[in-house]
Amino acid sequence: VDAELQRIWNGITSGNFSDAQAKNAGKQFLHKYGEYFYTQDEHTVNDITADDLAQAIKHSPDNATGLDGVSASDLRLLSPRALHWLAKMFCAIERGAHWPSQVLVGRTAWLDKTEGAQPSLDPLDYRGLAILSKIYRLYFVIRLRHLRPWIGSWEDPELYAGTTAASGAEDA
């Protein structure tokens, strides 16, 4: 993830800073805002296992499939050996392998949040609902569960989205 962020950030700053200027800008930024950053030792997670997958699949709702057509009930049919190979695939992806292309296909459905009889013409009145592969979602459910202890170490009640708490921006 760090390498990808650096690659993206380098594309933004390329030609704007020399190496020395970039280092100085980073120091100035941290001098000015560093007190607002929470720092701690690196947190590590174990490799995803077949048992992790079995537990996540067991508790996975059988809601909409992704565009790949895989549902939770399909995943419940996987043998222990298949779960082992799926876990190996996730581990390989974490070590740099590419996601299978069919897992990366998604679509967004836009839902009108207003209650009127006519749909709203204001784009801000719509909520995007991402339709992603069940395999892709399964991976992130497992990793979020593995990261809960770490997130709990810095999570604040004032954070309303992107944490382990079941709250969203509307709760703010």
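This is a predicted model: local features need pLDDT of at least 70, side-chain atom pairs count only at pLDDT 80 or more; totals for chains, interfaces and linings use all residues.
1. Let's start with S133. This serine sits in the loop that runs between β2 (126–131) and α6 (134–154). With a relative accessibility of 1%, S133 counts as buried, because the cut-off for buried is under 20%.

2. What does the side chain of S133 make a polar contact with? Its partner is the side chain of D68, at 2.7 Å. D68 also turns up among the residues that S133 touches, along with G66, V103 and V105; that list leaves out residues up to four places away in sequence.

3. On to the charged pairs. How many salt bridges does a search of the whole structure find? The search comes back with four. Three of them are worth a look here, including the one between R7 and E4.

4. In the R7 and E4 pair, the closest N and O atoms are 2.5 Å apart. Both residues belong to helix α1 (residues 2–13), and because they are three residues apart there, about one helical turn separates them. As for accessibility, R7 comes out at 51% and counts as exposed, while E4, at 40%, counts as partly exposed.

5. Next is R145 with D52, a salt bridge whose closest N and O atoms are 3.8 Å apart. This pair links distant parts of the chain: R145 is in helix α6 and D52 is in helix α3 (residues 50–58), 93 residues apart. Are the two partners buried or exposed? R145 is partly exposed, with a relative accessible area of 34%, whereas D52 is buried at 13%. When you check the distance by eye, keep in mind that the cut-off for a salt bridge is within 4 Å.

6. The last pair is E94 and R143, whose side chains meet in a salt bridge at 2.6 Å, N to O. R143, by contrast, is buried, with a relative accessible area of 8%.

Terms used: Residues are numbered from 1 along each chain as its sequence is written. Side-chain values use heavy atoms; hydrogens and water are left out. Helices (H or I, at least four residues) and strands (E, at least two) are DSSP runs, numbered from the N terminus. Buried means under 20% relative accessible area, exposed over 50%, partly exposed in between (1.4 Å probe, protein chains only). A polar contact is a pair of N or O atoms within 3.5 Å; within protein, one must be able to donate a hydrogen and the other to accept it, and residues adjacent in sequence count only if both atoms are side-chain atoms. Contact means heavy atoms within 4.5 Å.
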